[in-house]
Amino acid sequence: MIQYYSRFFTLAFILMLLQMLIFDRVNLFGFSNPAVYLIILIVYRLTQDQFGYILIGFMVGFLLDLLTQTAGAHSIACVSTAFIRPVISRFALGANFDQPNAMFTGTLLTNRMLYIFLMIFIHQLIFSFFAYFSMAHFWIIFKHSITNTLFTFILIAATINLLQPKQ
Amino acid sequence: MQWVLNAIIRYKNFLLYFFLLSISLIFSSNKSEYHSSKLAKSSLFFSGIIHQPFDIFSSYFDLREENRRLQQENNTLKNLVLDKFKQSEILDLEEENLAGPTYWSLPAKLIRNSFTQNKNLLLLDKGEKNGVAKEMGVIGTHGIIGIVNQTSQGYSTVLSILNMDLKINAKFKHSNVFGSLYWTGDKPNKMQLADISVINPVQVGDTIVTGGMSSYFPEGITIGTISKVDRPDNGGYYNVEVELINNMTDIKYVYVIGNNRREEIIELLEQTP
């Protein structure tokens, strides 16, 4: 367990650093930045206690808010995504959602991709909504959420495929 | 009592989520000047420490382009100095010189740019020890950039003009018609000019400059040109779209503008009922 957490927090630290220094500067189409730090929330074991997972989600979001000078949108999006993950995993991963390593083994590739996509899309939707906080900007929120989701999905799906342990 | 404890244990995840969400919302909408200032100062300190080494490393890759830009800017400034010199030969500007210059500038480097959010903040490598203070204007090579929002000893954050909370006083270059310039959160090169009455002639291509009505910027700094004008059927004001001259997505060096008479102006305004 200690070994798992030490590996997990090292990964979280590296991803947040990469997010701030590289991925926040990509600006595809002038506005789109991939949120690769979401790997932290996606790969966290599905069988671990959700209480700790919500706390981790909040810490990740709050740290990003402080370091990228945003006013709470990262915290709200991360903590909300962490809270509703059980619903997403049940919906996307099907019967095997409670496998400890369902992200890598024991589930179908299409189910895993759906799980990743939904986690990213819901996070991006909440993030954009709280960043703009006005329904007058509905189309901008929607456009930003869709573009960021697609861009992030491609990167995260490829990264998780690389991280997959060899059978 | 037992059932209360049972309920807390049973709904602990929801209660934790609700508690953390409240903290995030309070953090997001915190209006307390003292706490937001304290928190922002410490986050600015860490943000500066993390972003500066990366910026030092990456700045080596665009030295050639930066040199070309600085040379171009030097040339423009030299022309302005020569122009001023010619004017002072013709006019006697002794009175103005006695009072000293109203505005001064401080060159600074942008170590973190942002234009993809709706409330964009920029990070500068100059802070309180260099004389930067809150609410000073910031301009780039081709126009205005924003207003200083928060300062620490070595760094400062700037409220970009691409920030939906900011309104800038602006006017037409060829006339004294004033309006408020604001960003709608869409494209980083387009802004809206509000409060321009339909009684004034407005054309696509007209130049928009700073109005000088606030103490942030001197009058006449170029902002952009009008790219689209809509005259509403039953409204008294135009919908004017302004295309910025400054490319806000590609800024490296900026100037912080200080106003020597700012305190005097604020004091006078506060005394006026």
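## Salt bridges in the whole model

A search of the whole structure, which is a predicted model, finds five salt bridges over all chains. One of them lies within chain B, where K119(B) pairs with D165(B) and the closest N and O atoms are 3.8 Å apart. K119(B) belongs to strand β2 (residues 119–124) of chain B, whereas D165(B) sits in the loop between β5 (156–163) and β6 (167–172) of chain B, so this pair ties together parts that are 46 residues apart in sequence.

## The contact between the two chains

How many residues does each chain bring to the contact? Chain A provides 37 residues and chain B provides 32 residues. The area buried between chain A and chain B is about 3,200 Å², and carbon and sulfur atoms give 66% of that area.

Between chain A and chain B the count is one salt bridge, and it is formed by K143(A) with D186(B), whose closest N and O atoms are 3.3 Å apart. For residue pairs in polar contact between chain A and chain B, with both residues at pLDDT 80 or more, the count is four.

## The side of chain A that touches chain B

On chain A, the elements that give two or more residues to the side touching chain B are α1 (2–21), α3, α4 (73–93), α5 (109–132) and α6 (138–163). The largest share of this side comes from α3(A), which supplies nine residues. Sorted by class, the side of chain A that touches chain B has 19 nonpolar, 13 polar and five charged residues.

## A pair of helices across the interface

Helix α3 (residues 50–67) of chain A meets helix α2 (residues 12–28) of chain B, and the axes of these two helices come within 9 Å and cross at roughly 10°. Are the two helices roughly parallel or roughly antiparallel to each other? Angles under 35 degrees count as roughly parallel, and α3(A) and α2(B) are therefore roughly parallel to each other.

From α3(A), the residues that make this contact are Q50(A), F51(A), I54(A), L55(A), F58(A), F62(A), D65(A) and L66(A). They meet K12(B), N13(B), L16(B), Y17(B), L20(B), I23(B), S24(B) and F27(B) of α2(B). When the residues of the contact of α3(A) with α2(B) are divided by class, 11 are nonpolar, three are polar and two are charged.

Note on methods
Residues are numbered from 1 along each chain as its sequence is written. Chains are lettered from A and ligands numbered from 1 in the order in which they are written. This is a predicted model: local features need pLDDT of at least 70, side-chain atom pairs count only at pLDDT 80 or more; totals for chains, interfaces and linings use all residues. Side-chain values use heavy atoms; hydrogens and water are left out. Axes are lines fitted to C-alpha atoms, for helices over the stretch in contact, and angles run from 0 to 180 degrees between N-to-C directions. Helices (H or I, at least four residues) and strands (E, at least two) are DSSP runs, numbered from the N terminus. Angles under 35 degrees count as roughly parallel, over 145 as roughly antiparallel, 65 to 115 as roughly perpendicular and the rest as oblique. Contact means heavy atoms within 4.5 Å. Ala, Val, Leu, Ile, Met, Phe, Trp, Tyr, Cys and Pro count as nonpolar, Asp, Glu, Lys and Arg as charged, and the others, Gly among them, as polar. Buried area is the accessible area (1.4 Å probe) that two parts lose on being put together, summed over both. A salt bridge is a side-chain nitrogen of Lys or Arg within 4 Å of a carboxyl oxygen of Asp or Glu. A polar contact is a pair of N or O atoms within 3.5 Å; within protein, one must be able to donate a hydrogen and the other to accept it, and residues adjacent in sequence count only if both atoms are side-chain atoms.
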